[in-house]
Amino acid sequence: MKLKQTGRRVICLLLAAVICTSGCGKQGTGKNENVTVSIWHYYSGQQAQAFEEAVSEFNETKGQEEGITVKAESRGDVNEVAELVTAAAEKKEGSEEMPDIFTAYMDTAVPVYDMGVLVNLKDYLSEDELSDYVPGFLEYAGSDGMALPIMPVAKSTELFYLNKTDWEPFASESGCTLDDLTTWEGLAHTAELYYEWSGGKSFFGRDAAANFMLVGSHQLGKDVFSLENGKAVVTADDEMLKKVWDCYAQPYIKGYYSAYGKFRSDDMKTGDLISCVASTASVSYLPSEVTNEDGQTHEIECLVLPLPNFENTQACAVQQGAGMSVTKSDETREKAAVEFLKWFTDAAQNVSYCLKTGYFPVKRNVNVNDGKEESSDSDVVSQNFTVGQETINNSEMYAAPVVENSRTLRYAIEDALSVNLESYREQYGTLSEEEKQAFLDNSFKEWSKALKDALK
Amino acid sequence: MKTKSILRKIFVPFSAMVAGMLVVFFIIEYLCSLTELKNNSVYLFEESVSTRRDFLESKLTGQWSEIITTTEKLTGEIEDVLEEEQVSASRTASDDRLNQKILERLADPLVEIVKWNGTTDGFVILNGPAAANGSGGLASVYVVNDSPNHYDRSNSSIQYARGSASISKKMKIPLASSWKADMELDKAKDDFFFLPYEAGQNGADTDISAYGTWSIAESMNGQDKKVLLYSVPLILSDKTVVGVMGIGISADCLSENIQMESGEHSLTRSYMFAQAGEDGSMVPVVFSGQGENVRELKELPFSIEEDTITVEGGNKFYTSAQNLALYSANSPVQTGSWYLVGIEKQSDLFAVYNRSMWVQFLLMAFAMLCCFGSVLLVGKKLSDPIRKMMDELRASDPNRSIHLHKTHISEMDELADSIGSLSDRVAKANSKLSQIIHMSDAKISVFEYKQSENMIYVSPEFCAMIGWTDTSPESITAADFRERMISKFGEEAFVKEHIFETNGDTGSCWMRLTQKQEDNVLLGVLVDITREVQEKMRVEYERDNDSLTGLMNRRAFERNIIELFARTEKVAVGVFLAWDLDNLKHFNDTYGHNTGDDYIIALAGCLKMNNSSHTFSARRSGDEFVTFAYGDTKEEVMAYVEKIWEDARATQFLLPDGQMRRIQISMGMAWYPEHTKDPEELAAYADFALYQVKHGTKGTSAVFDPELYKGKQ
């Protein structure tokens, strides 16, 4: 009997083996079931390269194992990606199919999330995994509770970059020191002195001008808008606006501050500015050589300094979370997309990406300086991480509250501090000395009213 | 013919037949389908490379490099500027301000070309300086597009890699990190400028596409990557060549456009876009694909001729190189041939084939196993009952009729029935034989013992005959039998013959056990030989004894003496006595012969009484008797002699008249070895001594006197 049973078992096993092996002709192993995950991003230049490299590495390693192929495409800038995704989500005529992943800031992702086309990443990440990430700034109070519409992939803050080579002759003649550059008030004053010293050249400019008001107002204890029951309440008050006006708008109108090219790092390259506030992620664009309009070039050295603060305030800096959202599709693709994001934000990959781009890792306890030695050779990049890490450690990190219309609010502030100032600046340039003060006073009233209206 | 089991008889031919069939089937399958499958894999692979080649070719020549109309627009703009400035075209070679003005006008359309054509790079390079105090590089605008697949309205994915910053400011296009204000060129390397520029200068053709040049350059945006450039000269209507314009496709973009495979091979197949050198070797521009080995591939020695490459570790790669026709046949500019090469590990390329092979093998093995299994099963079904029947048969008692279990195989059951009836007859015959033996009163019994099978058969009387009264033929077991045999006959229990005495019902009996070993079987016959033995003993007695007295006769006595002397260690000292009854004739004559016989019997009785381990006597004839006594010393022997002598002289016998008379005897003695060692001489010496007595004083005894004897001789 025993022999019979064994015999039967052997036959069953053989039969199963034959059926299995003959059945796997088409589908076969997991290796053959390849999932392609499409990504739209708004990276360009150095960031795009670093991201492409990460994607290739994923495809060749983890992707290969898991049968996931990631295809990343650049789709213009952050707003364009948001528009394209929104159009796709709304199925507008002529719009494309939504990608599986797209890069977004919180304020661009939230409206799309509210349309119900994005995955709440909390569904795919365990509490343990979530707790590894830097808390707070990417959570959104959606209609279905606290949601995570964006997977944080890198974070950045803003620093002050100075063309040290061209600063030194001015500093030694004017007596200005680096200490003067630690406050917005000091900076405005220094810029004025430089303007006079250089015969009308701007000293400073900044990217993302809106951050000046967002962080500044928070630092002054008078947030330009705050979050109440998930809605933005505009609380911009005149005193705060005046401070912003005096420390940024007025120097800008007067030509002490400027913005010429697309980014201030461009203006540093062309010698139009000798200092700027920019995202840590723009460090790779900082020049080591300045090329003047007439083609003359001279090598320079850059210095990375902390973000200036208003006098008598606690240090405060913006924490920007660049992230990626996953769109709803089917479970396999969603899982594959999350798999990529998990891999990308894992310590090794994230640090490698950060070192190439100037971002900071999004996981707690992961320090970009750990991997620095071998990867970064440029002194500026090194300073960038040191000063950046100090800022993150020692300052209050401000993340703009995410509300339904936060993007609109941000645009309004951005316009107020860039485009709108540009027209004042043009008018100001045509005025006589006597008219100027009165013009500035009037302009402030007009400007602050326009901003408040826009925020409403 | 050899004898084989049923199983083998069925198994071998069946298995051979099935195996043969399967092998034939496999060969046919291999020749017809599997080889075809392998060829198909190669065909599909080459088709797939070909499709990609066609696609890439159309992309390269049809879309990306489609800049002819734009070139006209650009040369038109240049001519406008020259007209506005009222200068000749040759001024571009020296006037940086003019060049700046021209480039400001060309930058916008250039960005548009890049975005429309979906290329990653676009450039215009003039043949003159970029700035008054520049480093001497040529005036140029080189833009890089990070979003070639998407028309980027905001220009946010466009960066300036080369060109005046004022243009970038105006267009709000950011500067690439590797940005430079002018374009420094190396004549030895930078074919993308010099080839079309010089071809344009030398050529007579106004169709600038004739001078289109494909070349490879290092990426301008600071990446350590290559870019495929297509450039044409900018030829004004007066045939002046003022510069070059072109587009570029980055390695990544090329790679993306090559690999559009889906399905099984997407992970294993790789492609390489390469430029062929004159020696047939390939210079890779970019690899594309998810092939786990893309990194490894970069090291492979590609060539146009070979379609397989074996690398260390034994991996074989299959390659298919397909030419991209980027130039028209008579193009004045040629920069080598361009290839798209498909690369796949042979194990992956032939995965389906290999798998099919395996499946075929497995199916064959399975079919074979099934066949073997079923043949075994059938064989077993057939042979098992037979074997069982055989076992049953072996274990059955041959003396009884055999009833075998049914096998439910008709032939076998018939056989079993036949065996049953045969055994019935045999059993009956057996029992008849037993009865006949029993009836014949011959005391015979038999046994059959198979030690290897632990089997014993004994006939009914065996136990009684051999003397095992405590067991019976029915209850005795093989082990019991063996044990009893060994205890009875010792280690040599099973040798040929034993004769032994036993105590039967009628007293002592003699038995003879004869045994015969035949193969494994020991056969034995036990015969009662008591009568035979008794008869033999009687004959022997009569031969050796005197019938009147019961004493030994002379022959037996002499034999005894000879046997005794042969063992001299027994006889240290001996004496031969010769007796003679006195006056026998007198008694015979007076009282009759019966009284004479009584007289003789009386002496014989005395002598018989004195027979012991050291003394024996015999009647030699009529009234003559002899005795031989022996011992260790003469004294000891003398004591025996004296005792016999006294006893004999005291013996009386009854006369017919009722009187008791003492017997009167004479005796002669001769000593061994004192007188002689020879038995015959000893007898003669004793007779001589007796003779001396008879002729002297009757009724006395005398010892042999050698002196006297010598004197008489």
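## A covered helix in chain A

A residue counts as buried if 20 or more other C-beta atoms lie within 10 Å of its own. In this predicted model, helix H5 of chain A, residues 106-114, is mostly covered, with 7 of its 9 residues buried. The buried residues of H5(A) are Met106(A), Asp107(A), Thr108(A), Ala109(A), Val110(A), Val112(A) and Tyr113(A).

## Two packed helices in chain A

Two packed helices are described by the angle between their axes and the distance between the axes. For helix H7 (residues 164-174) and helix H8 (residues 184-198) of chain A, the angle is about 100 degrees and the axes are 11 Å apart. Angles of 65 to 115 degrees count as roughly perpendicular, so H7(A) is roughly perpendicular to H8(A).

On the H7(A) side, the contact is made by Phe170(A), Glu173(A) and Ser174(A); on the H8(A) side, by Leu193(A), Tyr194(A) and Trp197(A). The residues of this contact divide into 4 nonpolar, 1 polar and 1 charged.

## Nonpolar cores

The largest nonpolar core has 129 residues, and Phe340(A) and Leu417(A) are those with the most contacts inside it. Helix H10 of chain A, residues 238-254, provides the largest share of this core, 9 residues. At least three residues of the core come from each of domain 1 (34-154 + 320-375) and domain 2 (158-318 + 402-455) of chain A.

Which residues is Phe340(A) in contact with, leaving aside its neighbours within four places in sequence? They are Val37(A), Phe58(A), Ile68(A) and Val70(A).

## Chain B as a whole

Chain B has 713 residues, of which 36% count as buried. Its secondary structure consists of 19 helices and 25 strands. Among the contacts in chain B with a separation of 6 or more, 58% are between residues 24 or more positions apart.

## Where chain B touches chain A

In the contact between the chains, 46 residues of chain B meet 42 residues of chain A. On the side of chain B that touches chain A, helix H4 (165-171), strand S4 (175-180) and helix H9 (351-395) of chain B each supply at least two residues. H9(B) gives the most to this side, with 8 residues. The residues of this side of chain B divide into 18 nonpolar, 18 polar and 10 charged.

## Backbone exceptions in chain B

Most residues other than glycine have a negative phi, and most peptide bonds are trans. Chain B holds exceptions to both patterns.

Lys172(B) is not a glycine, yet has a positive phi of about 50 degrees. Lys172(B) lies in the loop between H4 and S4 of chain B. Is Lys172(B) buried, exposed or partly exposed? Lys172(B) counts as partly exposed because it has 15 C-beta neighbours inside 10 Å. Phi is also positive in Asn583(B), a residue other than glycine, with a value near 65 degrees. Asn583(B) lies in the loop between strand S19 (573-581) and helix H15 (584-591) of chain B. With 17 C-beta neighbours inside 10 Å, Asn583(B) counts as partly exposed.

The exception among peptide bonds is a cis bond that joins Tyr672(B) and Pro673(B), with omega about 0 degrees. Pro673(B) lies in the loop between strand S24 (665-672) and helix H18 (679-694) of chain B.

Definitions and conventions
Residues numbered from 1 in each chain as written. Chains lettered and ligands numbered in written order. Predicted model: local features only at pLDDT ≥ 70, side-chain atom pairs only at ≥ 80, totals over all residues. Contact = placed C-beta atoms within 7 Å. Helix = DSSP H or I, 4+ residues; strand = E, 2+ residues; numbered from the N terminus. Nonpolar A, V, L, I, M, F, W, Y, C, P; charged D, E, K, R; others polar. Axes fitted to C-alpha atoms, helices over the stretch in contact; angles between N-to-C directions. Parallel < 35°, antiparallel > 145°, perpendicular 65-115°, else oblique. Buried ≥ 20, exposed ≤ 12 C-beta atoms within 10 Å, placed from the backbone. Core = buried A, V, L, I, M, F, W, Y, C linked by C-beta atoms within 7 Å. Domains from an automatic or database assignment.
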